[in-house]
Amino acid sequence: MNETSPHAQISPTPRPDGEREKLLEIWATPKGWRLPTAVNNTVIGLLYLGAAFVFFVLAGILALVMRTQLAVPDNDLVSQDLYNQLFTVHGTTMMFLFAVPAVEALGVLLLPQMLAARDLPFPRLSAFAVWAYIVGGTVFFSTIFYDLAPRGGWFMYPPMTLTEYSPGDAADFWLLGIGFIEISAIAGAIEIIVGVLRTRPPGMSLDKLPIFGWAMLIFAGMIVVAFPAVILATMLLEIERAFGWPFFSPDGGGDPLLWQHLFWFFGHPEVYIIFLPAAGLVSMIVPTIARAPLVGHNLIVVALIATGFFSFGLWVHHMFTTGIPSLSLAFFSAASMAVAVPSGIQIFSWIATLASRTKKLRLTTPALFVLGMLFIFTLGGLTGVMVAMVPFNWQAHDTYFIVAHLHYVLIGGMVFPLFATFYYWAPMVSSRLLSDTLGKWTFWLMFIGLNVAFLPMHLAGLLGMPRRIWTYPDTLPWDGYNLVSTIGAYMIAAGVLVFIIDLIRNFRIGESSNPNPWDAGTLEFLPQDVYSTRSIPKVDSLYPLWDRPELAEEVEAGAHYLPDAPTGGRETIVTSPISATPQYVVQMPGPGWMHFFAAVFTAACFLLLTVKVVTPAIICGVLAVVCCLVWVWTIDKGPDAGPVEIGGGLRLPVYVTGPMAHGWWAMIVLMLVAGSLYLAYVFSYLYLWTSSPEGWELGAAMLPDAGSPMLSAGLFALAVALYVLARWALPEPGGNNLVTPALVILGACALTGGVVNEVWSHWQAGLRPTDSSYGAMVYMAGVLTAQLVAVIVIMSLFVCVRQMAGKIDQVRCAGLENTSLLVYYTFAQALVGLLIVHGIPHVAAS
């Protein structure tokens with residue numbers, strides 16, 4: 001493939017008469033009642049971010065009610081039961097419905113512009129995730145109004161959340177609702193990973209990737225590893241509540257601490273999942289403030305990677321008081337302190353960049369929020385090092401000192417950068433700048449209010465005030481601190497109210513007359529055309545708009561790659577993951593209803609299961625699957641529209657399969673998600689084995705003979721062979737046969753037979769999942785593999801229908817390739833499961 005030189009000039013491409021009107025029609029954003037059909041990243045990103053901000057405001061209102069309750073001793077503004085609901089919904093909303101969704105929304109909104117891409121590679125997947133989140137989040141939050149909200153805290157520790165202590169549906173709303181929302185977050189993470197790695201502009205190799213791109217890539221990777229743990233935890237607890245499988249009940253050999261391990265393996269990395277993208281935003285804003293390149297760019301990339309890595313070794317510092325061994329305490333204490341090093345690298349880099357400025361620092365609203373973030377997050381980090389010390393942690397654990405530390409870290413590390421983002425990137429989507437005057441009022445009210453609200457909490461905590469109390473007697477020395485904290489909370493709320501007024505007065509979606517008011521150097525400030533940038537530039541530096549001042553005019557004139565729409569539809573360039581060499585043009589889908597209906601029916605399925613309305617839930621689940629199949633039917637467009645000229649004499653195909661295809665990459669990421677989920681299961685199995693070895697010894701006596709697992713393994717291996725043969729048997733383009741569908745159906749049947757044989761053999765041997773934690777974990781292995789097999793069966797039927805319709809052949813075979821990848825993974829997972837279930841009990845017995 002011929003490469004143009006870095007600054008090779010492609011002739012400007014004048015638009016033929018009527019071309020702009022045609023493009024407007026192709027890329028038009030649906031409005032009014034058709035808004036749910038939109039898949040444009042700007043619309044979806046704004047919708048996602050707006051919903052997250054609404055949840056932030058709602059959770060903040062709950063916080064004000066709680067602070068008012070605690071302002072004076074012996075207050076009876078709310079009852080104890082309502083207070084428990086308030087702090088559970090407040091924490092859950094802030095962590096699950098605001099923080100992570102807001103960061104993902106910024107990824108959907110900003111990444112395509114920073115990468116000069118027309119959109120992320122799976123726009124309907126983004127739209128599905130957003131609508132699923134909005135529907136599920138709205139229903140969950142509304143439970144506070146119907147006395148259906150959970151009362152177990154945002155962490156939902158067993159045994160207090162088991163049916164014995166939390167009867168009714170309140171806990172189920174948390175378990176199924178939050179589990180469902182986490183699945184939508186994983187969908188967004190897959191989109192972000194593939195988007196960052198495969199839709200960068202030509203020439204933007206990884207060493208030229210903006211820091212926010214790195215931050216979002218690491219953020220999404222951490223979601224892939226961390227979120228499956230909490231999904232498994234919610235599955236186990238919901239199954240125990242619904243069917244009595246004793247994963248967490250000590251009477252059946254379960255252990256409540258298993259929940260804490262799974263939850264905090266997700267929960268502590270989530271702090272950094274929230275912080276890293278915010279830090280990436282700060283690293284984008286600081287060079288513009290300083291009018292100087294970021295000092296230590298490569299070091300910051302290493303620091304981001306190191307922070308993500310270290311974050312998975314810290315979860316036990318939430319469990320220092322649970323009686324874990326001293327060696328574990330020492331290891332996790334050291335890791336908790338070590339994570340401060342990469343965070344410190346970033347802070348010193350930002351300070352050095354500001355110090356290297358060549359002009360006087362202008363204290364604009366974004367600059368103020370960045371400087372405020374440096375101060376507040378540093379204080380939160382210092383108290384974090386304090387609670388990493390085991391002796392101090394034992395004293396401060398579950399006191400208001402921890403509440404203060406948490407809010408300094410999260411508000412300083414995420415909320416302040418988010419507000420800086422609102423003001424800094426508003427010109428990208430708004431025809432008017434937000435008010436700098438109102439912005440400064442917002443900053444000072446929030447900055448002062450935060451310190452007034454949470455600094456006294458450190459002292460109240462050191463004086464012994466425990467978390468999660470709904471009132472306290474006037475004989476304790478906490479009343480003055482609580483009153484001051486309540487005043488500070490209302491100051492924060494006043495700052496947010498000023499910001500909302502600013503939005504109402506000044507935010508208007510549309511093209512700005514000055515798209516780059518800050519004189520920034522990165523691509524998101526290029527002039528926007530009908531759809532993102534008119535042409536896609538070749539990038540050869542970290543700050544292309546600074547290094548090539550003429551770039552904006554060239555891009556607007558169509559003098560770079562892919563001017564307009566050569567395929568006649570929505571499209572962008574897919575590049576290689578390392579060097580960003582152009583590989584093909586991806587044809588993206590336009591607006592449609594199916595992703596919206598799929599999200600609604602999926603949410604309805606989960607929510608109906610919550611209230612035990614099973615038959616309508618199954619119907620909604622089936623309708624969701626049908627909508628998904630209709631949605632993906634038209635995505636595999638085939639090679640008919642290409643190859644196409646993208647500029648500079650370069651012609652690219654519009655269809656590829658195999659490792660070059662972005663769909664193949666998405667399936668690999670999905671397999672990593674499934675692998676993370678299964679590794680969490682393996683950990684749970686081994687943990688319960690060590691905590692209740694006698695159950696495993698008894699279980700060894702109830703295992704079927706070796707013939708049963710060997711038969712299951714043989715069926716799984718046969719399925720792999722059949723899918724390989726099906727790929728070889730595909731007809732030539734234009735042809736058709738029944739061999740491929742037959743092989744695919746036989747392969748799906750072999751997989752199903754392997755799972756059924758494994759589960760049935762245990763049942764026949766007398767093992768029951770309700771008898772012990774061992775039985776529950778054995779059957780859970782079958783459940784996890786059966787989930788994958790069910791998905792493969794649906795995908796296989798879809799492949800068969802497409803092949804008989806003439807839409808799959810030797811060239812156009814992405815559907816079968818992706819299905820086969822999932823089959824190979826399922827085979828590996830099933831073998832691991834057979835080895836664990838049929839091997840470990842014998843080891844225990846010996």
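## Basis of the model

The model is predicted, and local features need pLDDT of at least 70, side-chain atom pairs count only at pLDDT 80 or more, while totals for chains, interfaces and linings use all residues. Residues are numbered from 1 along each chain as its sequence is written, and side-chain values use heavy atoms, with hydrogens and water left out.

## Overall form

The chain holds 25 helices and four strands, where helices (H or I, at least four residues) and strands (E, at least two) are DSSP runs numbered from the N terminus. Its C-alpha atoms fill a box of roughly 75 × 75 × 50 Å along the principal axes. The radius of gyration of the chain is 28 Å, which agrees with the value near 28 Å for a compact globule of 846 residues; this radius is taken over C-alpha atoms, and the globule rule is 2.2 Å times the number of residues to the power 0.38.

Of the 846 residues, 61% are buried, a term that means under 20% relative accessible area, with exposed meaning over 50% and partly exposed in between (1.4 Å probe, protein chains only). Among contacts (heavy atoms within 4.5 Å) between residues at least 6 apart in sequence, 81% join residues at least 24 apart.

## Domains and nonpolar cores

The domain assignment, which is automatic or from a database, gives domain 1 (70-345) and domain 2 (683-845). Their centres, taken over C-alpha atoms, are separated by 30 Å, and 17 residues of domain 1 are in contact with 17 residues of domain 2.

A nonpolar core is a set of buried Ala, Val, Leu, Ile, Met, Phe, Trp, Tyr and Cys residues joined through side-chain atoms within 4.5 Å. The largest one has 265 residues, and those with the most contacts inside it include Phe 98, Trp 350, Phe 416 and Tyr 681. Helix H6 (residues 211-243) supplies the largest share of this core, 23 residues. Because domain 1 and domain 2 both give residues to this core, it lies between them. Apart from it lies another core, of 12 residues, among them Leu 23, Ile 26, Val 574 and Val 656.
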